[in-house]
Amino acid sequence: MERIGLPAATAAAAALSCRPPLPHKHGTCSSLLRHLLLPPPLLQFFSFRFHSTMSSNPQLHRIDFNNIKKLEDALSLFDEMLRMRPLPSIIQFTRLLTAVTKMKHYSASLSLYKEMGALGIPINEYAMSIAINCCCHLDGVNVGFAILGSFFRRGIVPNVATFSTLLKGLVLEDRVPEAVELFLKLIRERVCEPNEVMYGTIINGLCRTGNTGRAIQLLRLMEEEGKCEPSTVIYSTVIDGLCKDRMVDDALALFSQMIEKCIPPNVVTYTSLIHGLCNYGRWKEVISLLREMGERKISPDVRTFSIIVDGLCKQGMAEVAEGEVLPMMRQKGADPNVVTYNALIDGYCMRGQMDKARKIFDSMIDLCLVPDVITYTALINGYCKSLKMGEAMRLLLELPSKGLQPNVISYSTILHALFRSGKCGAARDLFDDMKAAGVVPSTPTYCILLDGLCKNGHVAEALSVFSMLNSKGIYLDIAVYSAIIDGLCKDGKLESARDIFYNLSSKGLTPNVKAYTIMMNGLCQEGLLDEAKELLVKMEQNGCMPNDVTYNTIVRGFLKRERYPEATTLLDKMLARGFKADATTSEIVVDLLLAKSQDPVQLDMINRILPTCKDGAKNTDKFLGKRGLCF
DNA sequence: GTAGGGTTAG
């Protein structure tokens, strides 16, 4: 077994130990690790002999593993292999297992593996890694560790690939701190020298859990160590992590470094960057990256294009996606698939353009693309937005007949719409149906439920559900708390609302701009304007930028209490930041105008605010027109 | 030509 130098272990520990590892939720792997230090038993010698006698089988050259397309092919090939004499070698069997596993038939692969063991075919560390991989996907990584333990007894020595599989298993179960701990232990106890794949697994785990900073530390460590240079895959992982953390410019900077180091980007690298840029509507840069891909002879694939389609649709440009990107995809041989069509359908549905959405849906069927639960959920969302609740409900009920099960988002979408249209009874029923169907409500579902109850005047009911969820230990995010705070404020229970708001940090939650605005609104309603103004300062100090809603809320608060000079100051700030008065604020100002105020401060304010009343301009005109007034 | 790591949807 190869050794790793102590400086690497120390540096890796330093890079990763800034956060203490979480306590084990599912037992420990350390006892298993002790087996690693046991000397390999003699069995290995026998298995080696058995293995080498079989590998001279002339028939194995005829076995074509590349032609396996279906599980049945693999199973019949397995039977055929068992009939061969002498038996094909373990290498041939592992190739078959690989084919089955790549098709994601993990339980089938595992049964074949067990059958091999029962037939006395000598299992090696390659087959074992496959089995562990399958276990990780089926019953969890703990079963994988059990397999590892069972093989110490049979003298098979796990290697860096085996451990990478187990690390991946931990990552799959969101047990990243444990994965990091095991990784460090493997280095510290010199069990195996990490290679690029192993680093890649940990770096991916860190990126997936939002620890991109630590991932970059590991990347730098790899570079400093120089034993295994981070390649395209590692760089792509970190670049994707940065993009997902909304740090697109950092991602672009890392991309430049990658280019400088002559590490060639691939379609995945570009796809991640394009995704990051699409989220921010940085279309010019998207186009220049596409051009760059062309220069490097890297073809964007259906995923790259689908991301662009989705980005355009999310920013209200479904027509551009349909009219320009789709034809381009066909022309480049990256035919749109269900994901592409779902994005497009969702784009039209979000704007309530159901006729266009239906047309896309029909063309999708014509192309023999099979709509999935996401397609139907997009349509359900569209009908909800167009207030066609009957149609939405009909689709939801139709799903099982299409062989599809509505998911938590399908239900939550309708639940949201029912509450919004004031149909609390139907919403409660649907929530019960959902649970009866075995669909587990998510945090956003609870947010919709509690907010819906509050907004429809059932604050007491919302509070009792809220405390029930709390007592069950169900995770509730800042949005759920905001809904409750808003409900309490509107129910005249400012004290309780304030209490919850100022204790958010004790729940590990940080108020966001919406939470601050809701609290500010509550304070304004009760006339606690100075406290509201203090909160505005405080939120900025805490790095939370107020938005147009925040400013409108507080300006309105001051206007309603006729504290015009302060309202004017706040208004100036709002305008300076490029925010406009919304319709409600505009109407209050118009009311002031109608009062024919002679107060110079008021008049000054009216003159400032009116030109900014873009949203409310129509209303304002109507309002004034009705009274025979004009500016 | 035996195993392990990276990109897409509501």
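**Entry 1: domains**

I began with the division of chain A, which comprises domain 1 (372–438), domain 2 (442–546) and domain 3 (549–631); these bounds come from an automatic or database domain assignment. I note that this is a predicted model, in which local features need pLDDT of at least 70, side-chain atom pairs count only at pLDDT 80 or more, and totals for chains, interfaces and linings use all residues. Residues are numbered from 1 along each chain as its sequence is written, while chains are lettered from A and ligands numbered from 1 in the order in which they are written.

I then looked up domain 1 and domain 2, whose C-alpha centres lie 27 Å apart. Their contact takes 9 residues from domain 1 and 9 residues from domain 2, two residues being in contact if their C-beta atoms, placed from the backbone, lie within 7 Å. On the side of domain 1 that touches domain 2, the elements giving two or more residues are helix H23 (408–420) and helix H24 (424–436). H23 gives the most to that side, with 5 residues. I sorted the residues of this side of domain 1 into 6 nonpolar, 3 polar and no charged. In this sorting Ala, Val, Leu, Ile, Met, Phe, Trp, Tyr, Cys and Pro count as nonpolar, Asp, Glu, Lys and Arg as charged, and the others, Gly among them, as polar.

**Entry 2: chain A as a whole**

I found 35 helices and 0 strands in chain A; helices (H or I, at least four residues) and strands (E, at least two) are DSSP runs, numbered from the N terminus. Of its 631 residues, 39% count as buried. A residue is buried if 20 or more other C-beta atoms lie within 10 Å of its own, exposed if 12 or fewer, and partly exposed in between, with C-beta atoms placed from the backbone.

**Entry 3: DNA strand B**

I listed 58 residues around DNA strand B, of which Thr98, Tyr126, Ala161, Gly200 and Val268 come nearest. A residue is near the strand if its C-beta atom, placed from the backbone, lies within 6 Å of it. The surface near DNA strand B divides into 20 nonpolar, 29 polar and 9 charged residues.

**Entry 4: two helix pairs**

I examined H7 (residues 125–138) and H9 (residues 160–172), whose axes come within 9 Å and cross at roughly 0 degrees. Axes are lines fitted to C-alpha atoms, for helices over the stretch in contact, and angles run from 0 to 180 degrees between N-to-C directions. H7 and H9 are therefore roughly parallel, the term for angles under 35 degrees. Among the residues making the contact are Met128 and Ile132 of H7 and Ala161 and Leu166 of H9.

For H13 (residues 232–244) and H15 (residues 267–279), the axes come within 9 Å and cross at roughly 10 degrees, so this pair is also roughly parallel. Residues including Tyr235 and Ile239 in H13 meet others including Val268 and Leu273 in H15. I counted 5 nonpolar, 6 polar and 1 charged in this contact.

**Entry 5: backbone in the loops**

Most residues other than glycine have a negative phi, and most peptide bonds are trans. I recorded a cis peptide bond between Arg85 and Pro86, with omega about -5 degrees; Pro86 lies in the loop between helix H4 (71–83) and helix H5 (90–102).

Lys104 has a positive phi near 70 degrees and is found in the loop between H5 and helix H6 (106–118). Lys104 counts as exposed because it has 12 C-beta neighbours inside 10 Å.

Notes: Parallel < 35°, antiparallel > 145°, perpendicular 65-115°, else oblique.
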